[in-house]
Amino acid sequence: MIFPWERLHSTRCCLCCHVRTGTIILGIWYMLINSVVLLILLTALSDPNQYHLTSAELANDLDVMDDANMCIASAISLVMIVICGMATYGAYKLRATWIIPFFSYQVFDFALNSLVAVSIVVYPNTIQDYLQQLPGNFPYREEVMSMNNECLVLIVLLFITCILAFKAYLTLCVWSCYRYVSSRRVAEVLVYVTNPNDTTVLLPPYDDAIAIPVKKTPPPFMLS
């Protein structure tokens, strides 16, 4: 037995839209973001002199914007576009297995951000170390570094907690969409017997019904 509030929780997301619609919108949004990032990286690779940052500009001993790292970032963006496209297609065409890679990425991203929050709690001085590695002309760098360390850690933790809560909600929406799509394709026909004289047949969804191959028409009956 499924209670009404459980059904509402499992099939609705923000703005009172269906979890399937929310997953499609989320997949398209991620595809747009990664497409913009991929376009910027490809532009930087085509003109390295304009977008190249030297170690002197970064105030450290590492040159993090070399061609190898930019190629790796471009490959990651391309893979993310494929994963988001698979999730969008899976939610639209009711293919549950196509949603799993995107859900796995969300779980990994949530776990990674959780580790960042834990590292800030365990090592609060890492924020100051990170600020010192920023370029001298970075906006509001001196103002942030002049803040109290405990207050700065509290603000950063509050910000990360809000991000984690939002990511957890989006992950739950995608998981609810996966459960919904999976339940739609569990069986083609379900038979419920309410009493010995009453049998109700639940027909399969329209998409599944039209996917069933049509049987050949039997030959016409001929009288001998």
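## Cysteines

There are zero disulfides in this structure, which is a predicted model. Cys151 has 37% relative accessibility, so it counts as partly exposed. Cys173, at 10% relative accessibility, falls under the 20% cut-off and therefore counts as buried.

Helix 2 runs over residues 19–46.

Together with Trp29, Leu32, Ile33 and Val37, Ile28 makes a nonpolar surface patch of about 460 Å².

## Helix 6

Next up is helix 6, residues 100–122. With 23 residues at 1.5 Å each, helix 6 should span 33 Å, and its end C-alpha atoms sit 33 Å apart, so the two values agree here too. The buried residues of helix 6 are Phe102, Gln106, Asp109, Ala117 and Ile120.

## Aromatic pairs

The structure holds six aromatic pairs. One of them is Phe102 with Tyr105, a tilted pair with 6.3 Å from centre to centre and 35 degrees between the planes. Both residues belong to helix 6 and are three residues apart, about one turn of the helix. Phe102 has 0% relative accessibility, so it counts as buried, whereas Tyr105 is partly exposed because its relative accessible area is 23%.

Trp175 and Tyr178 give a stacked pair, because their ring centres are 5.4 Å apart and their planes meet at 25 degrees, under the 30 degree limit. This pair lies in helix 9 (residues 149–184), and being three residues apart, the two are separated by about one helical turn. Trp175 is partly exposed at 36% relative accessible area, and Tyr178 is partly exposed as well, at 23% relative accessibility.

There is also an aromatic cluster to look for: Tyr30, Phe102 and Tyr105 form one.

Which residue does Asp109 form a salt bridge with? Its partner is Lys167, with the closest N and O atoms 2.6 Å apart. That is within the 4 Å cut-off, so the pair qualifies as a salt bridge. The link joins distant parts of the chain, with Asp109 in helix 6 and Lys167 in helix 9, 58 residues apart. In general, side chains of opposite charge can pair when their charged atoms come close. The total count comes to one salt bridge. Asp109 itself has 16% relative accessibility, so it counts as buried.

Val174 has its place in helix 9, and with 1% relative accessibility it counts as buried. Gln106 is one of the buried residues of helix 6.

Definitions and conventions:
Residues numbered from 1 in each chain as written. Predicted model: local features only at pLDDT ≥ 70, side-chain atom pairs only at ≥ 80, totals over all residues. Heavy atoms only, no water. Patch = residues over 30% accessible without salt bridge, like charges linked within 9 Å, V, L, I, M, F, W, Y side chains within 5 Å. Areas by Shrake-Rupley, 256 points an atom, 1.4 Å probe, with all protein chains shown as cover. Salt bridge = Lys/Arg side-chain N within 4 Å of Asp/Glu carboxyl O. Helix = DSSP H or I, 4+ residues; strand = E, 2+ residues; numbered from the N terminus. Phe/Tyr/Trp six-rings, centres within 6.5 Å; stacked < 30°, edge-to-face > 60°. Buried < 20%, exposed > 50% of the residue type's maximum accessible area, 1.4 Å probe, protein only. Disulfide = S-S within 2.5 Å. Expected span 1.5 Å × (residues − 1).
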